[in-house]
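Dear colleague,

I am handing over the structure below, together with notes on what was found in it. Please read the notes with the model open beside them.

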Amino acid sequence: MLALVPESQASAVQRAGRAGRTAPGKCFRLYPESEFLKLAPTTPPELARTDLSMPLLQLKALGVSNLAKFDWLPPPPPSAMVVRALDYLAALGAIDEHGRLTPDLGEQLAEMPTDPSIAKIVSVAVLPRFCSALKLIFVIRSAHRVRKVQLRQRNPFNIGHDVRV
């Protein structure tokens with residue numbers, strides 16, 4: 001799934017540079033120049049735009065206890081994003097009040113190769129009282145991963161063309 005991200009002036013100029021690179025082409029911006037001038041000059045780094053809960057959970061599982069002193073690639077993520085991700089992991093029960101992985105749930109969530117919220121749903125769903133819901137969760141989750149579904153149905157009136165839904 002694609003996430004919508006506000007465009008920067010640098011991205012817009014780069015995209016315009018691609019038009020006509022291999023063949024004659026033009027770039028049309030669907031906004032006036034006044035709106036272009038309001039755009040941010042550059043796009044913030046990916047690390048400053050993404051959810052850090054899964055990477056922080058993985059770092060905790062690898063034994064990194066002090067995330068404030070972790071040697072991030074420059075530039076490091078904003079501290080507010082790190083705090084927000086840690087609060088989220090605490091709300092899920094993956095870390096305790098001291099920022100350590102919880103022995104049962106936290107370690108289990110860190111082993112699952114998915115978003116911590118989905119991992120928590122799956123780990124709770126395997127409890128005996130929720131087993132019937134586990135199949136439904138997997139169906140819903142897999143449906144979110146399907147990009148395009150095409151159903152071909154023969155025309156019932158035999159007109160000679162297929163209908164695509």
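With which residue does aspartate 96 form a salt bridge? The partner is arginine 100, and the closest N and O atoms of the pair are 3.6 Å apart, where a salt bridge is a side-chain nitrogen of Lys or Arg within 4 Å of a carboxyl oxygen of Asp or Glu. Aspartate 96 counts as partly exposed at 22% relative accessibility, and arginine 100 counts as partly exposed at 49%; here buried means under 20% relative accessible area, exposed means over 50%, and partly exposed lies in between, with a 1.4 Å probe and protein chains only.

Before going further, please keep in mind that this is a predicted model, in which local features need pLDDT of at least 70 and side-chain atom pairs count only at pLDDT 80 or more, while totals for chains, interfaces and linings use all residues. Residues are numbered from 1 along each chain as its sequence is written, and side-chain values use heavy atoms, with hydrogens and water left out.

The protein chain has 7 helices and 2 strands, which follow one another from the N terminus as α-α-α-α-α-α-α-β-β; helices (H or I, at least four residues) and strands (E, at least two) are DSSP runs, numbered from the N terminus. Of the 165 residues in the chain, 22% are buried. Among contacts between residues at least 6 apart in sequence, 49% join residues at least 24 apart, a contact being heavy atoms within 4.5 Å.

The structure holds 3 salt bridges, including the one with which these notes began. Another joins arginine 15 to glutamate 7, with the closest N and O atoms 2.1 Å apart; arginine 15 is partly exposed, at a relative accessible area of 47%, and glutamate 7 is likewise partly exposed, at 26%. Lysine 38 and glutamate 35 also form a salt bridge, at 3.1 Å between the closest N and O atoms, and both lie in helix α2 (residues 33-38), 3 residues apart, or about one turn of the helix. Lysine 38 counts as exposed at 60% relative accessibility, whereas glutamate 35 is partly exposed at 35%.

Serine 8, in the segment before α1 (9-18), counts as buried at 1% relative accessibility, and its side chain reaches the backbone nitrogen of serine 11 at 3.2 Å. Not counting residues up to four places away in sequence, serine 8 touches Leu39, Ala40, Pro41, Thr42 and Thr43. Threonine 102, in the loop between α4 and α5 (105-111), counts as buried at 16% relative accessibility, and its side chain reaches the backbone oxygen of glycine 93 at 2.8 Å. Leaving aside neighbours within four places in sequence, threonine 102 is in contact with Gly93, Ala94, Ile95, Asp96 and Glu107.

Finally, helix α4 (residues 79-92) packs with helix α6 (residues 116-125) at an angle of about 5°, their axes being 11 Å apart; axes are lines fitted to C-alpha atoms, for helices over the stretch in contact, and angles run from 0 to 180 degrees between N-to-C directions. The two helices are therefore roughly parallel to each other, a description that applies to angles under 35 degrees. Tyr88, Leu89 and Leu92 of α4 make the contact with Pro116, Ser117 and Lys120 of α6.

Technical notes:
Angles under 35 degrees count as roughly parallel, over 145 as roughly antiparallel, 65 to 115 as roughly perpendicular and the rest as oblique. A polar contact is a pair of N or O atoms within 3.5 Å; within protein, one must be able to donate a hydrogen and the other to accept it, and residues adjacent in sequence count only if both atoms are side-chain atoms.
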